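Dear colleague,

Please find below the structure I promised to hand over, together with its sequence. My notes on what was found in it follow directly after.

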Amino acid sequence: MLTTIEKVAMLRGSDLFSATPNHVLASVASIAEEVEFSADETFISENEMEDDMFLITEGRVRVHREGKTLAELESGEVVGEMEALSPAPRSASITAKEVTRALRIPKAAFDEILATRFEIVQAVIDVLVERLRDAAQRD
């Protein structure tokens, strides 16, 4: 079982939380649950109304839609963050390519933290804006 300090270090390693101070990340770490997925296990399903986000801490996953691979992600990447911030059907499925460990962050608990920790709100907004800028430059 990971300690809070270990969870904070893992959260800090993701782009979504990299600019968030450690004392603030401790509140996110406190709600993050360790989970493990077996190889070929789909833990996010396209078009489903799920709202947990996951930080991959070990392993690799495949992001796919309608059978087509969109990306492969590994340790340090966050998946499911869009639906955790704004509920909607999942836009893609996520399947473990190998045994994969992650921190599951439930939306309800994350919303409570967002309501009281402006630093996290600002960090999340900054990352999402940067992703939109990157996407716009690719088009």
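Helices and strands in these notes are DSSP runs, numbered from the N terminus, where a helix (H or I) has at least four residues and a strand (E) at least two. Ala-19, for example, is found in the loop between α1 and α2. Please keep in mind throughout that this is a predicted model.

To begin with the chain as a whole, its secondary structure comes to five helices and eight strands, and from the N terminus on the elements follow one another in the order α-α-β-β-β-β-β-β-α-β-β-α-α. The radius of gyration is 14 Å, which agrees with the value near 14 Å that a compact globule of 139 residues would have, while the C-alpha trace spans about 40 × 40 × 25 Å along its principal axes. Of the 139 residues, 39% count as buried, and among the contacts between residues at least 6 apart in sequence, 71% join residues that are at least 24 apart.

As for the surface, the chain exposes about 7600 Å², of which carbon and sulfur atoms supply 51%. There are 15 positive and 27 negative side chains in the chain, and the centres of these two sets lie 3 Å apart.

If its neighbours within four places in sequence are left aside, Ser-14 is in contact with Leu-55, Gly-76 and Val-78. Ala-19, on the other hand, has a relative accessibility of 65% and so counts as exposed, for which the cut-off is over 50%. Ala-19 and Glu-119 are 100 residues apart in sequence, yet their C-alpha atoms are 8.8 Å apart in space.

Strand β4, which covers residues 60–65, and strand β5, which covers residues 68–74, pair in the antiparallel sense over six bridges. Within this pairing, Arg-65 stands opposite Lys-68 in β5. Two residues lie between the strands of the hairpin, and Glu-66 takes a positive phi near 50° there.

With kind regards

Key:
Residues are numbered from 1 along each chain as its sequence is written. This is a predicted model: local features need pLDDT of at least 70, side-chain atom pairs count only at pLDDT 80 or more; totals for chains, interfaces and linings use all residues. Side-chain values use heavy atoms; hydrogens and water are left out. Two strands pair if DSSP finds at least two bridges between them. The radius of gyration is taken over C-alpha atoms; the globule rule is 2.2 Å times the number of residues to the power 0.38. Buried means under 20% relative accessible area, exposed over 50%, partly exposed in between (1.4 Å probe, protein chains only). Contact means heavy atoms within 4.5 Å. Accessible areas come from the Shrake-Rupley method with a 1.4 Å probe; for residues, only the protein chains shown count as cover. Lys and Arg count as positive and Asp and Glu as negative; His and the chain ends are not counted. The place of a charge is taken as NZ of Lys, CZ of Arg, CG of Asp or CD of Glu.
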